Amino acid sequence: MSVIQEGGTMNYKDLIGKTVFDFCKDAEILAKVTGFSDPLESKEYIEGCTSVVHAQMLQSLAIEIKDNELYNAAKKYEDECWKEQYSQSQEKGCIID
């Protein structure tokens, strides 16, 4: 799967619903990024995390594999996720911690 748009930049919208498992199969790298010694066993747990966590893990993966395009897209994705959570909290009166 490519998340590169025309013009050579990665689109953060293509990261929506994706996890580090969509971009990496290397168990050693996944262990570093996820913090689990066997990340494949924890895949279901990680997939159940919030979009913000997914974006942060994608940023960690990008740093680990030295992919600036992925990092920038994941950072933008994280920013958008926080904006969305803030907006929802204002509508519903929720506190985000």
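**View 1. Helix 3 from end to end.** Helix 3 covers residues 51-65, and its 15 residues reach 21 Å from first C-alpha to last, close to the 21 Å expected at 1.5 Å a residue. That expected span is 1.5 Å times one less than the number of residues; helices are DSSP runs (H or I, at least four residues) numbered from the N terminus. This is a predicted model, in which local features need pLDDT of at least 70, side-chain atom pairs count only at pLDDT 80 or more, and totals for chains, interfaces and linings use all residues. Residues are numbered from 1 along each chain as its sequence is written, and side-chain values use heavy atoms, without hydrogens and water.

**View 2. The buried residues of helix 3.** Look here for Val 52, His 54, Ala 55, Met 57, Leu 58, Gln 59, Leu 61 and Ala 62, which are buried (under 20% relative accessible area, with exposed over 50% and partly exposed in between; 1.4 Å probe, protein chains only).

View 3. Lys 75 forms a salt bridge with Glu 78, with the closest N and O atoms 3.7 Å apart, and another with Asp 79 at 3.2 Å, N to O. A salt bridge puts a side-chain nitrogen of Lys or Arg within 4 Å of a carboxyl oxygen of Asp or Glu. Glu 78 is buried at 9%, whereas Lys 75 is partly exposed at 33%.

**View 4. Glu 80 with Lys 83.** These side chains meet in a salt bridge of 3.4 Å, N to O. Glu 80 and Lys 83 sit three residues apart in helix 4, so about one helical turn separates them.

Conventions: Helices (H or I, at least four residues) and strands (E, at least two) are DSSP runs, numbered from the N terminus.
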